[in-house]
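Please look over the sequence and the structure before reading on.

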Amino acid sequence: MPASRRGSGSFTLTTGQTIAIHTRTHDEEDLPHATKKTMADHLRKYESLFTLTPQRMRMIVEAFTETLELGLNKPNQIVPMIPTYVFGWPTGQETGDFLALDLGGTNLRVCLVTLQGEGKFEISQTKYRLTEEQKQEDGQKLFDFCAECLHTFVETNTGEGAGQLKPGQSLPLGFTFSYPCSQERIDHGELIRWTKGFGAGNTEGRDVAEMFKKSLEKYQLPIKLTALINDTTGTLIASHYVNPKTKIAVIFGTGCNAAYMEHVKDISKIEHLGIDPGAEMAINCEWGAFDSFEHEHLPRTKYDTIVDDTSNKPGEQAFEKLISGRYLGEILRLVICELIDEGVLFLGQNTYKLEKPYCFDTAFLSLMESDPTDELLMVIGIFTHFFALETTLAERQFFRALAKLIGRRAARLSACGIAAIVSKMGHLEEGCSVGADGSLYNKYPGFADRVHEGLQDIFGDKGRNIVTHHAEDGSGVGSAIIAAMTKHRKDAGLYLNV
Ligand code: BGC
């Protein structure tokens, strides 16, 4: 009998579930397993599929830059480059109490933010879980649920004791709605399409701000919707509030997207609005849609095509589907399933648990990559605990290497998007900070380093001038700052224009 090993640890999945694992396994088992050499041969094949050369990256950057320009010049483009009506940077002197509601993916979050000026703030918040049905049912019902949560939160946090609200007073609310919405003003937003697996009916093509106001009325809440914002725009403003070198913000979470500050004179599609051409306005790029439908520029593998074809939105969000946390685990699972079908992996074992779409959480990739043990005990734990599968060391090393390939490709593609904005805005020489947030950026080991490495592959040494950093809470603090900036503009008689 070979020596047995034990491993244990605990971690939290993107679903919020915390798992403790205790593992016991053997170095070699009686089951038929692939040899070390077979796994190494397969790895070479996947290496060539998932690796992006610097030259290929530069080609992507070029196409990306053209796409960004097109979105600024013409309405209704695939990458819509949405004008947000957030004008310029915060002063740091914004003050007051603001509510922030954040509907972006897994959770719904309600915050009360007190901006104290000089870049300081206090925040209290509550999270509410969204069910799968809520994401797919009727849109108005989803907004009613948001209003209901706000109602509970306001009762608890602004009643007597908390002493926040005087009779007749209403709180300004920044609503972070992290889906592509085309905006005509800051408190308006027509949903272009749901992303990240959402599909609530009767919502696409409608003004979600209006729908949400209806829900607020139902609950007669002392709340005024001041601004509808995207999480990237909130992140841009919040990060600049604390680090004025910030010029770009990126979210690497369930979805992927970026925002940056643009010169109004260069947004030709809104020329007719007569906004001061000397002003600046934040642009929500919605870059996750890059290369959608046509699939001309991105290096898609057959696994990416399957992810796309079997998604609730085939053809859409092509860039996002190669990068974001919602999809990376599924890409890896599809590769493993192919090797199961070819009879390379898990012969003689029952693999039904692994055959369920989306059962392989992206958190598993980061856990595998950060496993510090020689035997890869964490990898053992994942496969035995979640999928009832025995693995050999050679197989575990292969899974880890595969995770690395998929994670690295995601980071290098993200670098291409950042490089496109940097080139377009001429930020390379002077350098700039990129505020980044989201589970992939915050939790995936080495993700930031790989983005930086990618930027250097694209720009050479000057790529070092572009540095990402962990962003301030965009959908809480950022949304409050934007609500404050908007209130200030309204008080000064500047609502739509500068
Ligand atoms: C949405 C964006 C959002 C991003 C990150 C994407 O799926 O389209 O609006 O900013 O996810 O949350």
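How many helices and strands does the secondary structure of the protein chain come to? The secondary structure comes to 15 helices and 15 strands, where helices (H or I, at least four residues) and strands (E, at least two) are DSSP runs numbered from the N terminus. The model is predicted, so local features need pLDDT of at least 70 and side-chain atom pairs count only at pLDDT 80 or more, while totals for chains, interfaces and linings use all residues. Residues are numbered from 1 along each chain as its sequence is written, and side-chain values use heavy atoms, with hydrogens and water left out.

**The chain as a whole**

Taken along the principal axes, the box filled by the C-alpha atoms is roughly 80 × 50 × 40 Å. Of the 498 residues, 58% count as buried, a term for under 20% relative accessible area, with exposed over 50% and partly exposed in between (1.4 Å probe, protein chains only).

**Two helices in contact**

The axes of helix 1 (residues 36–50) and helix 12 (residues 393–425) come within 10 Å and cross at roughly 5 degrees. That makes helix 1 roughly parallel to helix 12, the term for angles under 35 degrees. Among the residues that meet here are M39, L43 and F50 in helix 1 and F398, L402 and R409 in helix 12, contact being heavy atoms within 4.5 Å.

**Two residues in one loop**

C285 is found in the loop between strand 13 (280–284) and helix 7 (302–309), and H295 is likewise found in the loop between strand 13 and helix 7. The table gives the accessibility of each.

| Residue | Class | Relative accessible area |
|---|---|---|
| C285 | buried | 0% |
| H295 | partly exposed | 24% |

Not counting residues up to four places away in sequence, C285 touches V79, P80, M81, N257, A258, Y260 and I421, whereas H295 touches R300, D308, G315 and A318. The C-alpha atoms of C285 and G71, 214 residues apart along the chain, are separated by 8.3 Å, while those of H295 and T232, 63 residues apart along the chain, are separated by 25 Å.

Note on methods
Axes are lines fitted to C-alpha atoms, for helices over the stretch in contact, and angles run from 0 to 180 degrees between N-to-C directions. Angles under 35 degrees count as roughly parallel, over 145 as roughly antiparallel, 65 to 115 as roughly perpendicular and the rest as oblique.
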